[in-house]
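Biologist: Before going into particulars, could you take me through how to read a model of this kind?

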Amino acid sequence: MCEPQPTGQDARMPVPDRRRRIEAASVPVLRRLAGYPRWLLAAVVGLLLAVALVTGRWWSTLLLVPVLAVLGWLAYLAWPRLSGGERAVRLIVLGALTAWLLARAAGGPAI
């Protein structure tokens, strides 16, 4: 898989070993995901979120954990290449999902 060349400020910053290890470990999974239709991941995430809306406390918690983990992982991988606005959107989405997960785990309402 060909890595994009960093531009601007990213070109001068060294890449931590931890990030390199995570990126290298992610390549096989990303290649597999790239083999599926683009809409499939969004459909699966949407389905899990929809089911989490209508299920009970523990089921919705169990459904939200993998959604949050996958979206957080993808955000981590994309982070160095994102603009400030794109980073803000990802932080808002991850924060909202985390708040929803914690509220559901504590027994709060679905929404």
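Biologist: Does Arg 19 count as buried or exposed?

Modeller: This is a predicted model, and the values below are computed from it. Burial is judged by relative accessible area, with under 20% taken as buried. Arg 19 has a relative accessibility of 10%, so Arg 19 counts as buried.

Biologist: Which element holds Arg 19?

Modeller: Arg 19 is part of helix α1.

Biologist: Which residue does the side chain of Arg 19 meet in a salt bridge?

Modeller: A salt bridge pairs a side-chain nitrogen of Lys or Arg with a carboxyl oxygen of Asp or Glu, within 4 Å. Here the partner of Arg 19 is Glu 23, at 3.2 Å from N to O. Both residues sit in helix α1, which spans residues 17-34, and they are four residues apart, about one turn of the helix. Glu 23 has a relative accessibility of 18%, so Glu 23 counts as buried.

Biologist: How many salt bridges does the structure hold?

Modeller: The structure holds one.

Biologist: Which backbone oxygen does the side chain of Arg 19 reach?

Modeller: The side chain of Arg 19 reaches the backbone oxygen of Tyr 76, at 2.9 Å. Arg 81 is placed in the loop between α3 and α4. With a relative accessible area of 46%, Arg 81 is partly exposed.

Biologist: What pattern does the protein chain follow along the sequence?

Modeller: The pattern is α-α-α-α. The chain has four helices and zero strands. Of its 111 residues, 17% count as buried.

Biologist: Which residues make up the largest nonpolar core?

Modeller: The general idea comes before the list. In soluble globular proteins, nonpolar side chains tend to be buried together. In this structure the largest nonpolar core has 11 residues: Val 45, Ala 52, Leu 63, Leu 64, Val 67, Leu 68, Ala 75, Leu 94, Leu 97, Trp 100 and Leu 101. At least two residues of this core come from each of α2 (38-54), α3 and α4.

Biologist: Which element gives the largest share of this core?

Modeller: That is α3, with five residues.

Biologist: How should I read a pocket, and what is the volume of the second largest pocket?

Modeller: Take the volume, then the lining, then the classes of the lining residues. The second largest pocket has a volume of about 160 Å³. Its lining consists of Leu 71, Leu 74, Ala 75, Ala 78, Arg 90, Val 93 and Leu 94. The elements that give two or more residues to this lining are α3 (57-78) and α4 (84-105). The largest share, four residues, is from α3.

Biologist: Where is Val 93, another of the lining residues?

Modeller: Val 93 lies in helix α4. Its relative accessible area is 40%, so Val 93 is partly exposed.

Biologist: How far apart are Val 93 and Leu 68, in sequence and in space?

Modeller: They are separated by 25 residues in sequence and by 9.3 Å in space, C-alpha to C-alpha. Leu 68 is one of the residues of the largest nonpolar core.

How values were computed: Residues numbered from 1 in each chain as written. Predicted model: local features only at pLDDT ≥ 70, side-chain atom pairs only at ≥ 80, totals over all residues. Heavy atoms only, no water. 1 Å grid on protein atoms, 1.4 Å probe; cavity = no way out; pocket = protein on both sides within 12 Å on 5 of 7 lines; lining within 4 Å. Points joined across faces, edges and corners; volume = space filled by probe spheres on them. Core = buried A, V, L, I, M, F, W, Y, C linked by side-chain atoms within 4.5 Å. Buried < 20%, exposed > 50% of the residue type's maximum accessible area, 1.4 Å probe, protein only. Polar contact = N/O pair within 3.5 Å; in protein donor to acceptor, adjacent residues only side chain to side chain.
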